[in-house]
Amino acid sequence: MNRLWIGIVILFLLLGLGVGLMWGSVAFFGSLSQKVEACGEAALRGNWAFVARETAECEEKWEKYAHFWASFTDHAPVEQVETLFAQLELYKKQRLSVEFAACCRSLAKEADAIGESHGIAWWSIL
């Protein structure tokens, strides 16, 4: 009987971990996407002070948690995000606003895709 309860507890812990990762990924990648989109719009307006501050914050946040998310998600999108952050830095240094905004858009879409891949959708239940 003890093994039954141990199994039930382990199943509930795994369920809780899965739900926590789902909510955490949606929140993390959603906020990253929104901030990067705002950076792209600011670059088009020529507000490079805002761009520098916000992209540094986004990159710092990404670097802090990239290995954690890489352990739970496909590595290809994570590597794509890494590549896009490197491109952002180049465009920011050159102050190429259109290219920077386009790269921000790509980065935001990639972040959204990673976040959505961990969410619950009706088509993944079927």
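How many helices and strands are there in the protein? Here is a friendly walk through the answer.

1. The protein has five helices and zero strands, counting DSSP runs numbered from the N terminus (helices: H or I, at least four residues; strands: E, at least two). The model is predicted, so local features need pLDDT of at least 70 and side-chain atom pairs count only at pLDDT 80 or more, while totals for chains, interfaces and linings use all residues. Residues are numbered from 1 along each chain as its sequence is written, and side-chain values use heavy atoms, leaving out hydrogens and water.

2. Along the sequence the pattern reads α-α-α-α-α. The radius of gyration is 18 Å, well over the 14 Å that the globule rule gives for 126 residues, so the protein is more spread out than a compact globule. That radius is taken over C-alpha atoms, and the rule is 2.2 Å times the number of residues to the power 0.38.

3. Now look at helix H3, residues 75-94. Its 20 residues reach 29 Å from first C-alpha to last, close to the 28 Å expected at 1.5 Å a residue (1.5 Å times one less than the number of residues).

4. Which residues of H3 are buried? They are Pro 77, Val 78, Val 81, Leu 84, Phe 85, Leu 88 and Lys 92 (buried is under 20% relative accessible area, exposed over 50%, partly exposed in between; 1.4 Å probe, protein chains only). They cover an arc of only 115° around the axis, which puts them on the same side of H3; the arc is that of the directions from the helix axis to the C-beta atoms.

5. The face turned away from that buried side carries the exposed Glu 79, Ala 86, Leu 90, Lys 93 and Gln 94. After H3 comes Arg 95, with a positive phi near 55°.
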